Structures are given as C-alpha cells and as structure tokens.
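Please consult the sequence and the structure below while reading.

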Amino acid sequence: TYVQAASQMILALAAFLMTDGGAGDLSYAELTARLFPMAATLAAQVGRDQTVFFGRVHRERLDELWGLMRDALTRPRDEEADFERVRTTMLSDLTLGLRGNDDEELGKSVLQAMLYEGHPYAAPELGTESGLGGIELDDVRPHRRTIFCPGRMTIGLAGGYPAGFAERVTTDLAPLATDACLGRAALPPVADPGARIWIVDKPEAAA
C-alpha cells in the first residue's frame, strides 16, 4: 500500500505505540507484567509495504492473550510518556543502531535510497532523525484511524485455535471501522535518474 514517506514515520510511531504502550485499562508496565508469565509475544513489524501486528502464545492462554491484543489494537492508551519512550527508542535504533553500529544495514539502506531516489521507498523504514523529532502525539492519533482499519486489513491465524475464534477476532476488530479509512492506492512509478555513484563518508566504519 502506498504511503507517503512522511506518513510512514507517523505510521511506525503509531504501530509501536500500540504494542509497546498501554492498552485498555492497563498501563504499559501492567501489560508487560501480564504477558511475561504467559511467555507471550505481542509486537509490531513495520515495513514499507505493510505493517504486521502479531501475537504468539500457547493455545491454553489464547483467550488471555487475545484480550490484551484486542485492546492494544482497538483501545491504545496513547499516553505521552509511552509516546516519548517509543520515539526515543526509534531514534536510538536509527542513529545509534543503523547509522552508528550496523554498517551492513546502513549500506543496504543507502542502496535502497539510491534505487528509489525521489520515491517514498527511499526513506529508512524507521524514518529520519529530523522527521521523528518533529512528530507529536496529536499527529499519531488521527493518522492511525486512517491506516489501521478493516478496509486495509488482512487477518491471519495459525495453530491450534478453537472453532469460532476467527469469527470472534473479526467481530472484536469491528470498532476499528471508520469513515476516514483510506483505500488502497497503486505505488507511483520509480524514475530512472541514470548512472551515478554515492559515497558514504564514515571514517569510523569497521570495514
């Protein structure tokens, strides 16, 4: 799904805030405390084409995990402290991780920017340092309602879940429906800028 580069950063913040923030009646600390004894996973993966929310747990604790995941998707708390923590983590992953410590991934990111120069795919999946620094919580809430909605959603289930669970998931996610839900649009074509060479100047690089 085509998402403008600036919107991608807001989308990433929204997704991580949903899985790494408070949900429903639980604060982030309370949610983490509930997940730990279940050995459960609740997380988001943000890419240029799609965002995936996923949960994993032993089938005996499925109902408990789904209740938490449902609230994370439909009733995120959007607390300012969680937003600042998530944004700080993303900035750290971008500046200290990608730019500072991972030369291989940095090279791939530069190649991506070179291949898709002038295209929404050119920006790193986490966004840019200046872009992330300029986003506020009030930017995240309305954007989330236009992107994370049934008209753009595919639900996937695997494992030993009981009969009727798929229908329950669909029903529980109905509150995500909104008139503001954006439809799917085709990606713009990638321009051919011709032959060129990019050089990354990083004197402290290990290789």
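What is the handedness of the link of Cys 149 and Cys 181 about the S-S bond? The link of Cys 149 and Cys 181 is right-handed, with 80° about the S-S bond. The model is a predicted one, and the values that follow are computed from it.

## The disulfide

The pair of Cys 149 and Cys 181 has sulfur atoms 2.1 Å apart and forms a disulfide. Distant parts of the chain are linked by this pair: Cys 149 belongs to the loop between helix H7 (137-147) and H8, Cys 181 belongs to the segment after H8, and 32 residues separate them. A search of the whole structure gives one disulfide. The two partners can also be described by accessibility. Cys 149 counts as buried because its relative accessibility is 1%, under the 20% limit for that class. Cys 181, with a relative accessible area of 24%, is partly exposed.

## Overall architecture

The protein holds eight helices and two strands. Their order from the N terminus is α-α-β-β-α-α-α-α-α-α. The C-alpha trace spans about 55 × 35 × 35 Å along its principal axes. Of the 207 residues in the protein, 38% are buried.

## Pockets

Strand S1 (41-46), helix H4 (80-101) and helix H5 (103-115) each provide at least two residues of the lining of the second largest pocket.

## Aromatic contacts

How many aromatic pairs does a search of the whole structure find? The search finds four aromatic pairs. In one of them, the rings of Phe 53 and Phe 148 have centres 5.1 Å apart and planes at 80°, so the pair is edge-to-face. Phe 53 is in strand S2 and Phe 148 is in the loop between H7 and H8, so this pair ties together parts 95 residues apart in sequence. Phe 148 is buried, its relative accessible area being 11%.

The rings of Trp 66 and Phe 165 also form an edge-to-face pair, because their planes lie at 80°, with ring centres 6.2 Å apart. Here too distant parts of the chain are linked, Trp 66 being in helix H3 and Phe 165 in helix H8, 99 residues apart. Trp 66 counts as buried at 7% relative accessibility, and Phe 165 counts as buried at 6%. Ring pairs join Trp 66, Tyr 161 and Phe 165 into a cluster.

A contact of another kind involves Arg 85, whose charged end sits over the ring of Tyr 28 at 3.9 Å from the ring centre.

## Positive phi angles

Which phi value does Ala 39 have? Phi of Ala 39 is near 55°, which is positive in a residue other than glycine. Ala 39 is placed in the loop between helix H2 (28-35) and S1. With a relative accessible area of 67%, Ala 39 is exposed.

Asp 78 is not a glycine either, and its phi is positive at about 55°. This residue lies in the loop between H3 and H4.

Is Asp 78 buried or exposed? Asp 78 counts as buried, because its relative accessibility is 9%. The exposed class that holds Ala 39 requires a value over 50%.

How values were computed. Residues are numbered from 1 along each chain as its sequence is written. This is a predicted model: local features need pLDDT of at least 70, side-chain atom pairs count only at pLDDT 80 or more; totals for chains, interfaces and linings use all residues. Side-chain values use heavy atoms; hydrogens and water are left out. Helices (H or I, at least four residues) and strands (E, at least two) are DSSP runs, numbered from the N terminus. A disulfide is a pair of cysteine sulfur atoms within 2.5 Å. Buried means under 20% relative accessible area, exposed over 50%, partly exposed in between (1.4 Å probe, protein chains only). Rings of Phe, Tyr and Trp (its six-membered ring) pair if their centres lie within 6.5 Å; planes under 30 degrees apart count as stacked, over 60 as edge-to-face and the rest as tilted. A charge sits over a ring if NZ of Lys or CZ of Arg is within 6 Å of the ring centre and within 35 degrees of the ring normal.
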